[in-house]
Amino acid sequence: MPPLKGRKSRTRDGVEAGPALAIECVEPSLDDARHPVKRIVGDSFHVTADIFRDGHDLVAARIRFRSPSDREWRYAPLAYEYDSDRWDGGFPLDEIGSWVYTVEAWTDVFATWRSGLQKKIDAGQDVSLELLEGAEIVDAAANRARFGDIRNALKQAVATLREADLDQRDRVTVALAPQLIPLVESYHLPADLTAYDRELEIAVDRERARFAAWYELFPRSQGDVPGRHGTFATAERELERIARLGFDVVYLPPVHPIGETNRKGRNNSLEASASDPGSPWAIGGKEGGHTAVDPRLGTLADFDHFVTRAHELGMEIALDYALQCSPDHPWLKEHPDWFFIRADGSIRYAENPPKKYQDIYPLDFWCADRAGLWNACKDIFLFWISHGVRTFRVDNPHTKPFAFWRWVIEEVKQRHPQVIFLSEAFTRPKRMKHLAKIGFTQSYTYFIWRTEARELAEYLTELTQSPVREYLRGNLFANTPDILHEFLQHGGRAGFRIRALLAATLSPLYGIYSGFELLEGIPLRSGSEEYIDSEKYELKHRDWGRPDSIAADFELLNRIRRENRALQLHDNLTFHPSDNDRVLFYRKSAPNGQNDLLIAVNLDPHSVRETTVHVPIADLDIHAEESYGVEDLLTGARYLWRGSRNYVRLDPREQVGHILRLIR
């Protein structure tokens, strides 16, 4: 259908005539269209709206939308849901970038006329005048038809409708002919075309924005022998191992030069020895700042080779983006005004009382040279993008201005719409959500601290079934270099396996920090979430072939994730009753019954747990007494279940959970 042009409101007796049509509750919409909703390229975008008008005339409606590369608007029809004034429709999202859409409606004069004609015919009334009125509508469309065949067909219909000597039944047959409807609708000019009062935005990302397994790796710890600083070349050898485990993204902490001044020693001590490598987050030294690499890791060419090798193995590199500087960063000499100057003339270092970070200086984003600072921060992104990085894990974004993030993400996305931004903001919920709204592709979550069935179900339901699902994609990291939860400290091998299974199946996005597969769970001290001998401050040498490793769990879990569409979607999670509150039971399903998974996890790492789980058989189209098969994708075992209530027994020494695929 070509674009429709409506007429402006008319003035009658000095009173502005508003539209007869109302368009309300257009969905999906985030905060009254102030922020975009998020989707993945290849998705079908579904739109609903309440549309109605005064009187009894019928209404027509459509979606008006535009992709990032479209110069003209495109259109998709909206269908009326019977007797509800609710309309729905959709269109495919076939391009990455920022899309725009809105809703339009108008009085459907032709449909209104056809409906009235049919009613009078059914009542046995004369319709001679109605046929002439219909001829006027069809004739107006014929006069606007661009193509001869269509114009001729419409003109022929007009002639028939106006032919008084013709049998009225033949005239009615032409008037109600289904093939006449699209011809008239295509060239009808509505007098009251009304658009929704705002345009709405869709942020469309590539598939890896929704589905990926992350693995965090310190390249400097990948040395050939204990105590020797690793390089990009030695770390590159680990990429094959990580690829075999099925991970998609290898995330590197900062790889830049590390400052000497106030360098932290082992376990965050203020005294560093000559051999201490310092914290990678104390960025900047005599070798350069955020666009340089630590010479102990190698050269920029070595980094490029590392990135290329990851791509060859089907993975990509995510780089840490941390906007802070060591006292030795070049910006301290070049732009001291970009930092916070204290009353005594010193530069303020970072603090989060009682924690102090004497080796880090925060930036003053509202300094007098704001434009210079902001553009320099943007250029860091652009530099690493030019070296093959398409994903960034952003350190502590909640401590920088929201306005900066909105601006810089939009600036980068305009040039490189495929870039992914992960927000590392363990802060209050509304702040985390706002960062997602203003542009961050993915977000860290509170998953690490949710260990009980009730709190897991409540939190993941919020992320996947509430309006939050339109904009926040939760990346369920099971641990980080900063966070070793007490569940892992005291849960033993089973505890690590439980958290791995939960993370990999509750969300299509999850991650681990290396060492998780080796069950590293000793804290700095009792009650602390810091690791003893933290890799943030020293080199670690690990034996990846240790017999107690649970690396095989990740190889299996990541293969299952790739083979089951249900585990690749984020808004398809539902929780269901378990008679034992230490066994969490949930379902993940792909559309149209293509892939239904029932997952049960023992949340107690120390005890055997037995329960009856309640299968949502009505949702699965299974009758109350019907038998059905389930296959455990973790073991290959098959079970015959019946009805909604079924028995589960999980011994954490052997198996911490089931991923049961419904056999139809």
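The legends below describe close-up views of a predicted model.

Residues are numbered from 1 along each chain as its sequence is written, and side-chain values use heavy atoms, with hydrogens and water left out. Because the model is predicted, local features need pLDDT of at least 70 and side-chain atom pairs count only at pLDDT 80 or more, while totals for chains, interfaces and linings use all residues.

**View 1. Cys 325 and Cys 377, two cysteines without a disulfide.** A disulfide is taken as a pair of cysteine sulfur atoms within 2.5 Å, and by this rule the count is zero. Cys 325 is in no disulfide, and its nearest cysteine sulfur, in Cys 377, is 8.2 Å away. For the sulfur of Cys 377, the closest cysteine sulfur is that of Cys 325, too far for a bond.

**View 2. The aromatic pair of Phe 247 and Tyr 510.** Rings of Phe, Tyr and Trp (its six-membered ring) pair if their centres lie within 6.5 Å; planes under 30 degrees apart count as stacked, over 60 as edge-to-face and the rest as tilted. The count by this rule is 40 aromatic pairs. Phe 247 and Tyr 510 form a tilted pair, 6.2 Å centre to centre with 45° between the planes. Helices (H or I, at least four residues) and strands (E, at least two) are DSSP runs, numbered from the N terminus. Phe 247 lies in the loop between helix H7 (238-244) and strand E14 (249-252), and Tyr 510 lies in strand E24 (residues 509-513), so the pair links distant parts of the chain, 263 residues apart. Both residues, Phe 247 and Tyr 510, are buried.

**View 3. The aromatic pair of Phe 383 and Trp 384.** This pair is edge-to-face, with 5.0 Å from centre to centre and 90° between the planes. Phe 383 is partly exposed, at 23% relative accessibility, whereas Trp 384 is buried at 1%.

**View 4. Arginine charges over aromatic rings.** A charge sits over a ring if NZ of Lys or CZ of Arg is within 6 Å of the ring centre and within 35 degrees of the ring normal. The charged end of Arg 64 is placed over the ring of Trp 73, 4.5 Å from its centre. For Arg 450, the charged end sits over the ring of Tyr 459, 5.0 Å from its centre.

**View 5. Strand E29 (residues 627-632) and its partners E30 and E32.** Two strands pair if DSSP finds at least two bridges between them. E29 pairs with strand E30 (residues 638-642) in the antiparallel sense over five bridges, with Ser 627 opposite Arg 642. E29 and E30 form a hairpin with five residues between them, and Gly 636 in the turn has a positive phi of about 90°. E29 also runs antiparallel to strand E32 (residues 657-663), joined by four bridges; here Val 630 stands opposite Leu 662. Five of the six residues of E29 are buried, so the strand is largely enclosed by the rest of the structure.

**View 6. The buried and exposed sides of helix H8 (residues 300-312).** Phe 303, Phe 306, Val 307 and Ala 310 are buried in H8. These residues cover an arc of only 95° around the axis (from the directions from the helix axis to the C-beta atoms), which puts them on the same side of H8. The face turned away from the buried side carries the exposed residues Ala 301, His 305 and Glu 312.

Key
Buried means under 20% relative accessible area, exposed over 50%, partly exposed in between (1.4 Å probe, protein chains only). The expected span of a helix is 1.5 Å times one less than its number of residues.
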